[in-house]
Amino acid sequence: MTARDLMTPNPAVITADDAIPKAAEMMKTLGVGVLPVVDDLQHRRLLGVLTDRDIVVRYVAIGHLAGSRVSDHMTRDPLVTVGSDTSLSEIAEKMEQHQVRRLPVVSDDGAVVGIVTQADLAISIGPNDPQLIEQILERVSRPGALVY
């Protein structure tokens, strides 16, 4: 299986110039915890990602104003991505190595074409290989260091 087989195609995206409250409302409406951040809605070239955790830790907890932009709070580096033809084993390896639960899938020109999440893996792979899903979940879920 490849990313193409596992991914959620054409995920909702947000631009770096959009306001954080717009991103939070999109996440709430769509029931997602991540939005790829793109240069514009036409080209959809990936600039970063904005997670629900980014909003809580970098926006709410610090007390930023409602007009704050996505670019001020998104994750840029390290930005880990995969291509449509990336194998399941490489996806799992990247998730484990970088301790990420979601991987944007990008085209050769850097445009967002999909996203692979742990939930996608659990739904697609879990019924046939629950041990692999358990292993990925365990390795990605190792506690990180507290950052102050």
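Modeller: Ser84 counts as buried, at 17% relative accessibility; buried means under 20% relative accessible area, exposed over 50% and partly exposed in between, with a 1.4 Å probe and protein chains only. This is a predicted model, where local features need pLDDT of at least 70, side-chain atom pairs count only at pLDDT 80 or more, and totals for chains, interfaces and linings use all residues. Residues are numbered from 1 along each chain as its sequence is written, and side-chain values use heavy atoms, leaving out hydrogens and water.

Colleague: Where does Ser84 lie?
Modeller: In the loop between helix H3 (52–60) and H4. Helices (H or I, at least four residues) and strands (E, at least two) are DSSP runs, numbered from the N terminus.

Colleague: And what is Ser84 in contact with, leaving aside neighbours within four places in sequence?
Modeller: Thr2, Ala3, Arg4, Val105, Val106 and Val113. Contact means heavy atoms within 4.5 Å.

Colleague: Switching to the open sheet, in what order do its three strands come?
Modeller: E1-E6-E5, with antiparallel pairing. Strand E1 (8–9) and strand E5 (102–106) are at the edges with a single partner strand each, so one side of each has no neighbour in the sheet. Helix H4 (residues 88–98) packs on this sheet and touches E5 and E6. The direction of H4 makes about 130° with that of E5; axes are lines fitted to C-alpha atoms, for helices over the stretch in contact, and angles run from 0 to 180 degrees between N-to-C directions.

Colleague: How many bridges between E1 and E6?
Modeller: Two, between E1 and strand E6 (residues 112–117). Two strands pair if DSSP finds at least two bridges between them. Pro9 has Gly114 as its bridge partner in E6.

Colleague: What about E3, why is it largely enclosed?
Modeller: Five of the five residues of strand E3 (residues 34–38) are buried, so the rest of the structure largely encloses it. On one side are Val34, Pro36 and Val38, on the other Leu35 and Val37.

Colleague: Which strands are joined to E3 by bridges?
Modeller: Strand E2 (residues 14–15) runs parallel to E3, joined by two bridges, and Thr15 has Val38 as its partner. Strand E4 (residues 46–51) runs antiparallel to E3 and has five bridges to it; there, Leu35 is partnered by Leu50.

Colleague: Last one, Gln118: buried or exposed?
Modeller: Buried, with a relative accessible area of 15%. Gln118 is in helix H5 (residues 118–124). Beyond neighbours within four places in sequence, the contacts of Gln118 are Met95, Arg101, Ile136, Leu137 and Val140.
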